[in-house]
Every structure is written in C-alpha cells, then in structure tokens.
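Subject: Structure for you to look at

Hello,

Here is the structure I promised to pass on. Please open it first, then read my notes below.

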Amino acid sequence: MRGMERIQLAAVFQSYGKNPAGDRISEHGKNPAGDRISEHGKGIFMKTLIVTGGTVDHSFAEAYCKEQDFDYFIAADSGIRFFVQAGIRPDEVLGDFDSADPAQLARLRSDPHIAFHQYRPEKDAVDTELALQLALEKGSGEIHILGGTGTRLDHMLGTVRLLGFAMEQGKRCYLADAHNRIRLIRERTVLTKTGQYGDYISLLPLTTQVTGVTLKGFKYPLEAYTLAGFSSLGISNEIVQEQAVIELEEGILILVESRD
C-alpha cells in the first residue's frame, strides 16, 4: 500500500507546487499530462480514504488503513492531524482550515507531492462534502470516511445524508469509526456473519418510508414490511445465519453495523 509508507514531510522536498518531475501542479491537483491517478486504480477502480475533522481514534484509524489498503488519501481540514501523526502522506488536502493546526498545515504544505485546495470559511458546503466531491471527481469507486462522527451531532447527521451523494453516482461510500460502520442501501444487500463489522445491525429509513422490506437470516425477520420514519423497529437486529439478506422495493435505508 503506497500511502502507508512512513514519510518525512520536511525540508528534503522542493517548494510547494512541484511534482517530482518539477512540473507545476495546478490548484486542483492536475499535472500537465492530465488527471492524477492512483498507483493501483489506473482509471479502473480506486479506493479512497477521507479523514475529516470529527473524532478519530488514532489506533483504530491506522489499523483500518492497513486492513482496507487504500489507493488515495484526502485530508479535510483538521483531518490532517491523523495523517501527520500516522506518517501517511495525503494526496489532497482541502478545507477552510479554520480548525487545522497551523504547524501541521505548514508541514504538509512543504511537501511538493500534496495538492492543496483552500476555501473561504463562508461557503455552501462543509469540508466533508467538498472532499467527497473531490474523491468522486478523481474516479473513486469506493470511499470511506473517518472522522465523520464525534461531538457534533449536526455534522454527523449531515455526513450520513452525504453518503447518498456517492450512492446516486453508483459508488460505494462508508462512514466508519471504532464502533460503527454506516452506509446507505436501496437494493438487495447480503451480509455475512463472518464479514459483519459488529454484532448489531440497524436499519433506519432515510426516505419518508421504505416499502417491501424483507429480512432473512436475522434474529428478527421481516416480510414485505413498510418501515416508516417515526419508528425504532429496525434498531439492533442480529445476524443468526451464515448469510443475512436485506431486500426492499422502494426507498433508501441507513444500514448501521455496530459493536460495543
């Protein structure tokens, strides 16, 4: 995994804005030959990690990176903290940097291989949304977001809804922390007992209602049920067979895999 190499982000690099060949990198991370691509993706499939400014369990995040083997790394605002502390070079750094540590920011700016995108604090999209848009523009086929949960419940709820932005483009997108992994589903989904993220599975309607919900292989099965918005029925289910299946006819479900 390219990004997990331990790096020194200081004086050994040339001035910001040049790639190893000495070419000027544009504001949006493109070199004169065109779009930057991952070492593994080559325009076919790219797995991207976004670390944003919420709570990040450092040991969990490092282990998650090793397990997932990401191709591309994006730091959103104070999400730079994780990359600096872990010694992982992000490919792109963006945000208004109102919550970023100035010393860490300067350290990353000294690296000529990192593309920077700075925005005004007064903007119509939060840094996580901008990072997600960038990941999709770069051709990501699967996106994982760390730091999207924490003390700011408004930001967390907003980030859950942002998962739909990737889903609408046919891309897989996950919001994860040490205890939860969240995604949106609108079609048949299969979970395995050995591959589940945690012991508990919760299903919440993102749309006003989700019709035709059928659950097989769960402790609490359902058959062609309509899940409405003001109900806790879908909370804290468990997989009891080797394979569990979620089916639905219309609507979008928030799928939360949790562990204590």
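Start with a pair of helices: the crossing of H4 and H5 is right-handed. Keep in mind that this is a predicted model.

H4 covers residues 127–137, and H5 covers residues 153–167. Their axes come within 10 Å of each other. The crossing angle is roughly 20 degrees. Angles under 35 degrees count as roughly parallel, so H4 is roughly parallel to H5.

Which residues make the contact? From H4 come Thr 128, Glu 129, Leu 132, Gln 133 and Leu 136. H5 supplies Thr 159, Leu 162, Phe 165 and Ala 166. By type, the contact of H4 with H5 has five nonpolar residues, three polar and one charged.

Now the sheet. Strands of a sheet pair through backbone hydrogen bonds, either parallel or antiparallel. Which sense applies here, parallel or antiparallel? The pairing is antiparallel. The sheet is open and has four strands, in the order S8-S12-S10-S11. Its edge strands are S8 (189–192) and S11 (222–228). Each of these pairs on one side only. From one strand to the next, the twist averages 25 degrees.

S10 spans residues 209–216, and S12 spans residues 243–247. They pair in the antiparallel sense over three bridges. To find your place there, look for Leu 215: it stands opposite Ile 246 in S12.

Best wishes

Technical notes: Residues are numbered from 1 along each chain as its sequence is written. This is a predicted model: local features need pLDDT of at least 70, side-chain atom pairs count only at pLDDT 80 or more; totals for chains, interfaces and linings use all residues. Side-chain values use heavy atoms; hydrogens and water are left out. Axes are lines fitted to C-alpha atoms, for helices over the stretch in contact, and angles run from 0 to 180 degrees between N-to-C directions. Helices (H or I, at least four residues) and strands (E, at least two) are DSSP runs, numbered from the N terminus. Angles under 35 degrees count as roughly parallel, over 145 as roughly antiparallel, 65 to 115 as roughly perpendicular and the rest as oblique. A crossing is left-handed if the near helix is turned anticlockwise from the far one by less than a right angle, and right-handed if clockwise. Contact means heavy atoms within 4.5 Å. Ala, Val, Leu, Ile, Met, Phe, Trp, Tyr, Cys and Pro count as nonpolar, Asp, Glu, Lys and Arg as charged, and the others, Gly among them, as polar. Two strands pair if DSSP finds at least two bridges between them.
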